[in-house]
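Here is a brief report on one protein chain.

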Amino acid sequence: MTINFLVEAIKKQDWLEPIAEWLQPTIAAALGTDGAVGPKVANILHGTWLGHPFHVVLTDVPIGCWTAAAILDALEAKTGSRAMGRGADAVITAGLVGAAGTAITGLADWSKIGGGEPRRIGLTHALLNATATACYVASLCLRRSHSRRAGRQLALLGLIVSGVAAYLGGHLVYEKKLGVDHTADHSPPEDFVPVLPEAKLLENQLRRVDANGMPVLLVRRGQRIYAIAETCSHLGGPLSEGKLEDTSVRCPWHGSCFSLEDGRVIEGPSVHAQPILKVRIRDGQIEVRKSDR
Ligand code: FES
């Protein structure tokens with residue numbers, strides 16, 4: 001049995017959309033990701049510096065700590081060991097610290113996704129995790145007021161709620177492909193293939209071409225022609241409909257900015273570099289192939 005019914009139910013909750021519409025810019029403003037230093041803050045929170053979604057890394061902290069707490073709680077309940085109880089209290093506290101970082105990075109990611117199912121599921125995921133965190137805060141308070149049994153019960157409830165939230169997080173990654181490199185299945189041609197007559201590529205034009213089935217973006221800047229995967233690694237946006245900014249291109253969907261020189265992410269939310277291709281001119285044709293790097 002799965003809890004897919006929960007996903008189906010969330011999909012139908014239209015009332016979540018206006019809440020999300022208001023929350024996304026509010027969160028971006030609160031986190032400072034839209035301000036003057038916004039791109040730097042956003043790159044840290046998204047994990048651009050890491051080449052991997054930072055949120056996904058941090059989720060292991062509260063999940064691991066709270067799972068350990070459940071085991072220590074069970075041992076305390078069975079043996080009456082105060083040492084086990086103190087251990088449980090300590091890992092719950094560590095889990096709460098980890099949950100703060102997990103929440104901030106998750107909200108930064110969520111503030112950059114478009115409307116519809118992923119956004120609704122992401123919002124529900126966040127609300128469930130907030131509920132789980134509240135359970136653990138209340139559990140710690142009960143433990144300190146010597147109501148350890150009630151504290152353990154509340155912690156168990158928190159673990160169940162965070163488990164459901166984790167299921168929704170997994171759905172976003174494995175079903176909706178959030179945080180996944182959307183260029184990972186691209187196969188640039190091993191040998192040079194012609195993609196466009198050179199005369200047809202205008203200066204500073206974002207031109208989409210096809211290289212053996214792979215969408216490629218061509219850009220001419222003076223004597224240089226750049227070739228880079230046309231599908232944005234973040235969520236698959238069309239870079240050919242984006243904006244050229246000097247020697248970088250900005251995605252029209254959520255604003256990720258990539259260097260045309262080497263494909264690296266200059267600004268997130270994407271955390272994955274764009275594949276670049278090697279370019280040459282032969283017989284008046286622009287030809288591309290897989291980069292040596
Ligand atoms: S698809 Fe999101 S930034 Fe390109």
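Gly 263 lies in the loop between E7 and E8. This is a predicted model. Gly 263 counts as buried because 20 other C-beta atoms lie within 10 Å, and 20 or more is the cut-off. Leaving out residues up to four places away in sequence, Gly 263 touches Ile 228, Phe 258, Ala 273, Gln 274, Pro 275 and Ile 276. One of these, Ala 273, is ten residues from Gly 263 along the chain, and their C-alpha atoms are separated by 5.3 Å.

Glu 261 is also in the loop, between strand E7 (257-259) and strand E8 (265-267). Buried or exposed, with 12 C-beta neighbours inside 10 Å? Glu 261 counts as exposed, because the limit for that class is 12 or fewer.

**The chain as a whole**

The protein chain has eight helices and ten strands. Its C-alpha trace spans about 85 × 45 × 40 Å along the principal axes. Of its 293 residues, 38% count as buried. Take the contacts between residues at least 6 apart in sequence: 58% of them join residues at least 24 apart.

**Nonpolar cores**

In soluble globular proteins, nonpolar side chains tend to be buried together. Here the largest nonpolar core has 29 residues. Trp 66, Ala 69, Ile 92 and Ala 155 have the most contacts inside it. Two or more residues come from each of helix H3 (38-46), helix H4 (54-58), H5, H6, helix H7 (117-144) and helix H8 (148-174). Which helix gives the most to this core? H8 does, with seven residues. Apart from this core lies another, of 25 residues, including Leu 217, Ile 228, Leu 235 and Cys 251.

Setting aside neighbours within four places in sequence, Trp 66 is in contact with Ile 92, Gly 95, Tyr 136, Gly 158, Leu 159 and Ser 162.

**Two helix pairs**

H6 packs against H5 and against H3. The geometry of each pair is set out below.

| Pair | Angle | Axis separation |
|---|---|---|
| H5 and H6 | about 160 degrees | 8 Å |
| H3 and H6 | about 115 degrees | 8 Å |

Helix H5 covers residues 60-79 and helix H6 covers residues 82-110. Their angle makes H5 roughly antiparallel to H6, since the class takes angles over 145 degrees. The crossing of H5 and H6 is left-handed. On the H5 side, the meeting residues include Val 61, Cys 65, Trp 66, Ala 69 and Leu 72. On the H6 side, they include Met 84, Ala 88, Val 91, Ile 92 and Gly 95. By class, the contact of H5 with H6 has 14 nonpolar, six polar and two charged residues.

The angle of about 115 degrees makes H3 roughly perpendicular to H6, because that class runs from 65 to 115 degrees. The crossing of H3 and H6 is left-handed. Ala 42, Leu 45 and His 46 of H3 make the contact with Ile 104, Thr 105, Ala 108 and Asp 109 of H6. These divide into four nonpolar, two polar and one charged residues.

Terms used:
Residues are numbered from 1 along each chain as its sequence is written. This is a predicted model: local features need pLDDT of at least 70, side-chain atom pairs count only at pLDDT 80 or more; totals for chains, interfaces and linings use all residues. Axes are lines fitted to C-alpha atoms, for helices over the stretch in contact, and angles run from 0 to 180 degrees between N-to-C directions. Helices (H or I, at least four residues) and strands (E, at least two) are DSSP runs, numbered from the N terminus. Angles under 35 degrees count as roughly parallel, over 145 as roughly antiparallel, 65 to 115 as roughly perpendicular and the rest as oblique. A crossing is left-handed if the near helix is turned anticlockwise from the far one by less than a right angle, and right-handed if clockwise. Two residues are in contact if their C-beta atoms, placed from the backbone, lie within 7 Å. Ala, Val, Leu, Ile, Met, Phe, Trp, Tyr, Cys and Pro count as nonpolar, Asp, Glu, Lys and Arg as charged, and the others, Gly among them, as polar. A nonpolar core is a set of buried Ala, Val, Leu, Ile, Met, Phe, Trp, Tyr and Cys residues joined through C-beta atoms within 7 Å.
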